[in-house]
Amino acid sequence: MSQVDIQNLSFSYGDTLILDKLTLSIEAGECLVLLGPSGSGKSTLLRLLAGLEAANSGHIAHKGQPVTGASRDRSVVFQDYSLFPWLNLLENVRLAVNKAHPSLNRRQQKDKARALLDEVGLTDALHQYPFEVSGGMQQRAAIARALALEASLLLLDEPFGALDPVNRIRLQDLLNQVRQQQGKVFSTVFVTHDLDEALWLGDRIAVMGASPGHLISVHSVPKKKERTDRDHYRHLVEVQALRLQIDEALASDVLRRLKVEEVSSNVST
Amino acid sequence: MSQRSLSLPAARPKEKHHAAGIASRLFLGRESLIVWLVILAGWYLLTFQNDASRNPLLPSPWVVGSALLQSLPELLSSAFASSKILIPGYLLAVALAIPFGLLVGTRIPLQRAFIPFARVAAPVPPTVYIPYAIALLPTFHLSAVFIVFIGAFWPIFHNTALGASSTPQCWKDSAKMMQLGRIEYLLSIVLPASLPQIFSGLGVGLVFAFILLTIAELFGATEGLGRFVQIHADYANYPQMLAGILFTGAIAASCMSGLEALRRRALFWYR
């Protein structure tokens with residue numbers, strides 16, 4: 001059985017259809033990347049998976065149970081640094097540890113939080129506040145906080161979208177490293193519109209189209225033995241072929257939308 | 001891990017805001033010092049040839065200054081008497097308006113229930129309650145506390161509810177993700193997130209509390225700063241009356257400076 005099953009999922013904001021009859025599954029331990037242009041409903045799908053929004057029709061099941069609201073078993077890393085600015089990084093993570101391990105005393109919770117921040121490379125910034133550190137460091141802390149919940153599904157909504165290219169690459173590597181270190185204890189859904197990022201991080205890529213958001217195709221990504229040599233990986237023939245295939249899928253969806261817009265403008269005139 | 005070798009940017013030094021420092025910036029900063037000197041010079045020019053026996057309404061700064069010094073013990077005891085009205089009234093407003101504002105700001109049904117009432121009740125000037133409060137409550141002291149409470153309650157409540165209802169979605173989502181309990185959510189997330197608006201309300205509430213305190217004391221008090229000003233006005237003792245007004249202003253400004261110091265301390269994270 002899949003970790004997550006999405007069946008005929010539709011979602012609207014008022015009269016605007018955002019997601020149209022989407023069916024998809026996520027396997028245990030895999031990293032599924034949702035790739036698509038703006039307006040393809042990637043972030044909405046992620047919020048639906050997190051239980052932060054309710055679908056209009058269709059259903060989502062996580063570990064066989066219908067998703068009806070937020071759960072500690074599904075943690076989210078948001079694009080807009082969502083750390084609480086009045087708490088230092090250690091306390092931000094400890095708050096999540098406290099929820100995952102309420103039986104531990106404060107000191108033990110702090111030790112766990114410290115270990116997680118250490119894992120994401122923030123050993124020297126434990127007592128700094130979010131406004132005192134860079135965007136990249138804030139996202140590292142946000143990842144540590146999400147990991148602290150020990151959820152079986154980690155949802156990341158364009159978490160590196162606002163970062164500079166160097167920090168973006170560092171954090172992509174960090175995410176791969178954390179997934180390797182923690183083994184296959186959690187599945188990951190990663191939202192992005194960057195194909196390179198999708199190829200580097202994903203085990204599978206779900207390509208989504210816009211107006212309304214729908215699933216175009218799902219692709220398995222060639223296996224990476226060691227996710228360290230990014231340059232070598234991107235030049236592999238099968239990776240190049242997959243890139244071309246995804247580019248074509250996205251381009252044909254753009255052409256379809258242009259045709260639809262042309263027809264509707266002809267009808268209205 | 002390679003990330004550990006990343007050098008961290010130096011933390012911005014935390015600003016230290018001492019009440020004395022803020023007070024000195026408010027009262028003795030270069031710009032404000034100029035304004036104070038101009039006012040003092042204008043006052044002096046208006047009065048330096050004034051014969052006090054012909055126009056007692058406008059005594060010179062020196063006369064008022066000496067009246068202030070002479071009346072200082074009486075002014076201090078008046079301030080103490082006023083504080084017995086101001087502090088309970090204001091603190092009661094804070095204690096009720098903040099929790100109530102947090103609840104109303106985060107619960108749509110409570111907003112539907114209370115906001116229409118608040119729209120009617122809040123704009124009514126609290127001074128209109130004074131005769132009724134004096135008639136209704138057994139002592140003048142209780143009536144005055146009630147009036148100060150009413151004046152401070154609405155701005156604090158309104159600002160708290162506004163702050164709570166406008167808590168950024170990303171923080172609400174993070175709290176939902178962690179499944180914080182209702183009380184923990186209110187105290188750990190909504191309260192700190194609403195602090196900028198709460199402090200605005202506390203400031204407006206304090207100003208209202210001072211205004212209403214002095215007005216209430218004009219009605220039937222036997223002591224207090226409002227009473228001090230009133231009695232010296234009744235006896236045409238204008239130097240003392242002006243000394244009382246200046247002293248009241250200084251006390252109010254000191255309280256505002258204290259609140260500002262508290263705000264800066266609590267909102268060290270707010271940019």
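The model is predicted, so local features need pLDDT of at least 70 and side-chain atom pairs count only at pLDDT 80 or more, while totals for chains, interfaces and linings use all residues. Residues are numbered from 1 along each chain as its sequence is written, with chains lettered from A and ligands numbered from 1 in the order in which they are written.

**The sheet in chain A**

- Chain A has an open sheet of 4 strands in the order 2-1-4-5, with antiparallel pairing (strands are DSSP runs of E, at least two residues, and helices are runs of H or I, at least four residues, numbered from the N terminus; two strands pair if DSSP finds at least two bridges between them).
- Strand 2 (16-26) and strand 5 of chain A sit at the edges with a single partner strand each, so one side of each has no neighbour in the sheet.
- Strand 1 (residues 4-13) and strand 4 (residues 57-62) of chain A run antiparallel over 5 bridges, and A:Ser10 has A:Ser57 in strand 4 as its bridge partner.

**Where chain A meets chain B**

- The contact takes 29 residues from chain A and 20 residues from chain B (contact means C-beta atoms, placed from the backbone, within 7 Å).
- On the chain A side, strand 6 (74-77), helix 2 (89-100) and helix 5 (165-182) each give two or more residues, with helix 2 giving the largest share, 3 residues.

Technical notes:
Two residues are in contact if their C-beta atoms, placed from the backbone, lie within 7 Å.
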